Structures are given as C-alpha cells and as structure tokens.
Amino acid sequence: MSAPVDEVPGHEHVEGPEDAVRTRGYVGLLLLAAAIGIPVSLAAFGFLALLHALEHAVWESLPEAAGFETPPWWWAMPWILLAGVLVGVAVRWLPGRGGHVPVDGLALGPVPAASVPGILLAALGGLPLGAVLGPEGPLLALGSAVALLLVRPIGKTSAPTAQALLTVAGASAALAAIFGSPLVAAVFVLEAVGLAGPRLARVILPCLLASGVGALVFTGMGSWTGLEIASLSLPEIDGPQRPDLGDVLWTVPFAVLIAFGVRQVHQIGHRVARIAAGRPARTAVAAAVTVGLCASAYSLLTGRSPEEVVLSGQSMLEPLVSDAPSWPLLALVALVVFKALAYGVSLGALRGGPIFPALLLGAALGVLASGLPGFGVVPAVAAGMAAATATTLPLPVSSAVLVILLLGPNGAAMAPVVLIAVVVAFVVEQMVLTQRRAG
C-alpha cells in the first residue's frame, strides 16, 4: 500500500475538506454564514417586492387608469427615457457607477456600502421602467454589500479570506431569491469563482448554508406579508417522455446558430459600453431611447403590447412557453429582433443582470424552431434557453442546472438536449472569442 500523498517526501500537505470543517474557526464561519442569510434574504425580498410593485404600476395600473386595455404603442417611450436619465445620473455622479456593467457578466466581488445608493437608483430607476435586463446583477451587489456590512465588526479578528467567503455567501443568498433555488445560486457562485479541490468545500458550504437559510426566510416573507415577488419559473407543459432522434439532431445546429446570434448581441453591448465609458450619462439616455423605439416599432408592427420588448422578459416566459401555438410567426420574429437589439444596448449602457433576457430570447427562438420537422416545442425551448444562457455567462454547468430546474417536471427528460446545447454553445462561443483575440 502506498503512503498518503501528504506523507510522501517532496509533497506538501494538502488540507482536505474534512480538515476544514473540523476547525473551530470554520464552524464559527458557517454559523455566521447562516446568520447572514437572514438579513440578505430580507433585503432581497424588499428589493424584489418594490421592483414588482413599480413594474405593475407602470405597465398595468397606470394604463388601465388612463383608459387603455393594454399599453399603447407609445407608452414605453416616456418611461424608458426617464429610466435613461436616472441610470445616467447614477452612473455619472454616484459612487460605484450604478453597479457592474452587465455586458461583462456577473460580478461577485465585495461591494462597499457607499455604492448601494447608486446601485439601487440605477436598478429601481431602470428595470421597472423598461431596461431590458434582469434583477440578478443588483441582487448580487445588494447581497454582497449587506454581508460586508455585517462582517465589518469582526474584521479585526478574522482573516481576510473569511470576510471574502462571507461576502460571497451573501451574494449567493441573494441569487437564491431570484432563481427560486439555493442549489442554483450555490452552483453559480462555485463556477464563477472557479474553485476546485479542497478549496471547493470551504467556499461552497457557507454559500449553501446562507442560501438555504435565506430561501426559508424569503419564502416565508411572501406568505406572511402577502406582497408579490417573482422568482424565475415556468409552468408545467406537456412534453415528450424523452427527446427523440430528431430533437437531438436539430439541437446541434440550433445551438450553433444561437451562440453566434447571442455573441453578436453582446458585441453590440461591448461597443455601447466603450462609448459609455467616456459619456456615461448621455449614452444611457441614448440607449434608453433606442429601447423605446424598439418597443414602439414592435407594437406598431404587430399590434401587441410594447411591454413584451421592454423589461427583463421574466414575466413573459410563462405565457410564451405555455401558449406557444397562439403566437403568430410575425410576432415571434419581431419579438426576437427588437428584443435582441434592445437587450444589446441595455447591456452596454444601463444596469441590471444579463441572464433573464437571454433566457427569453432562447425560449422565443425555440418556439420558432419548433416548426421544423421532428423538433418538438419542449426540446426546442429547452435547447434554446440552454444555448443562450451558456453563451451569455458563459458558465456551462450553471447554465445546465438553471435550465433543467427551470423546466420543472420536464427537466429530467430534457437533460440530454440541455447538456448538448450547453456544450455546443459554450464551445462555439469560446472558439469565436479565441478567433477575435487572435485577429
């Protein structure tokens, strides 16, 4: 029998996860992570409840009060223009520049308290008024900032690594709120920080604990207060027990096309971000006007509500997927074109998260592709969401877990299609990046 690695001469001892969890300091850190999950979930609940209330007021209550059954074609323009001004003020004049630029993905770094007012202004002033972005970016920042405030009193007696772990745990607890699953949040954090081996347990255990405790409080707050909040979800839809050969064969070229398409949308975002670096306020207003024009053009062309182009797309996933046959071809094509353009400029100049609009675009493209012979609606939607998410982040494991859980009862059956789409889209996206860097 060979000796353990840490006993072999020339090999330094590698601390395993069992060593980490046995230490008194690490147990104390886990208790702090559990405690942090409570205030973070309360902050996330308040943020999402306010976001939902503002969105409901602008896009449902006010049009009804004005005598409109649905928002008219011009309704988006004044609101999104106001959003551009508010985001521009936050980015140009407040600490923290309104938060992370969404085209750069998700940020898990510590967020100082001084940046929170600007982040909240950019998020609450932009997202409910029509920015084509999701709430996950501001939620990450909010969770990190709350955790950082709570661990600051113990800063002199704890190691910097412990403080970093607790702020990441706070971000994970905030993500669990919007994804509706502590597991998805923990996987996102795990893959984003790029850890493996013994360090994996050190990071993932506090994240799991903070996310789990936070999810309990977050769920309870909804029932106790009666306030409406929205976590990412899809309805149960009739689908095949498993994908057939046609679904698998269509998934590969479909994922390739989505990867190239989403990459082009992100290129728009990067170009806008470069312009915004020098003129943030004016670029935010110009991007907002572009979003408003896209929404107005969509409404005039299709006769449908401009709300379908603006906002994150979270509330549209359910009606789109559950009633896919009712969508006319023109409306689907117009939705993809105008939503993609509005998403691209929002990524570069406004503030929010990049995941939700990507999921909606992938689902809409899936509904379009389901007209192909042998490609079912559920497999096509699954492949579309998986490929779009994997190209956007790009975090392949997190993308696969998110889409499989989002599909609910259909998730296990559609796992092969999801995994194939994720791998194909991720590889294509990385190849395109490599070629651009080489060029």
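Q: Is R97 buried, exposed or partly exposed, and what is its relative accessible area?
A: R97 has a relative accessible area of 40%, so it counts as partly exposed. Buried means under 20%, exposed over 50%, and partly exposed in between, with a 1.4 Å probe and protein chains only. One caution: this is a predicted model, where local features need pLDDT of at least 70 and side-chain atom pairs count only at pLDDT 80 or more, while totals for chains, interfaces and linings use all residues. Residues are numbered from 1 along each chain as its sequence is written, and side-chain values use heavy atoms, with hydrogens and water left out.

Q: Where is R97?
A: R97 sits in the loop between α3 (76–93) and α4 (116–126). Helices here are DSSP runs of H or I with at least four residues, strands are E runs of at least two, and both are numbered from the N terminus.

Q: What about the phi of R97?
A: Phi of R97 is positive, about 55 degrees, although R97 is not a glycine. Most residues other than glycine have a negative phi.

Q: And what is phi for L311?
A: Near 70 degrees, a positive value in a residue other than glycine. L311 belongs to the loop between α10 and α11.

Q: Buried or exposed, that L311?
A: Buried, because its relative accessibility is 4%.

Q: New topic. How many salt bridges does the structure hold?
A: There are 2 salt bridges. The term means a side-chain nitrogen of Lys or Arg within 4 Å of a carboxyl oxygen of Asp or Glu.

Q: Which residue pairs with E429?
A: R263 does, at 2.1 Å, N to O. E429 lies in helix α16 (residues 411–438) and R263 in helix α9 (residues 245–278), so the pair ties together parts that are 166 residues apart in sequence.

Q: Are E429 and R263 buried or exposed?
A: Both E429 and R263 are buried.

Q: Which residue does E308 meet in a salt bridge?
A: R304, with an N to O distance of 3.0 Å. E308 is buried because its relative accessibility is 13%. R304 is at 25%, so it counts as partly exposed.

Q: Back to α9. Where is D247, and what lies 7.5 Å from it?
A: D247 is in helix α9. V417 is 7.5 Å away, C-alpha to C-alpha, and 170 residues apart from D247 in sequence. D247 is buried because its relative accessibility is 3%.

Q: How far apart are V187 and V397?
A: In space, 7.7 Å, C-alpha to C-alpha; in sequence, 210 residues. V187 is in helix α7 (residues 182–193). At 14% relative accessibility, V187 is buried.

Q: Now packing. At what angle do α11 and α13 cross?
A: Roughly 15 degrees, and the axes of α11 (residues 314–322) and α13 (residues 355–369) come within 9 Å. Axes are lines fitted to C-alpha atoms, for helices over the stretch in contact, and angles run from 0 to 180 degrees between N-to-C directions.

Q: What does that make α11 and α13, roughly parallel or antiparallel?
A: They are roughly parallel to each other. Angles under 35 degrees count as roughly parallel, over 145 as roughly antiparallel, 65 to 115 as roughly perpendicular and the rest as oblique.
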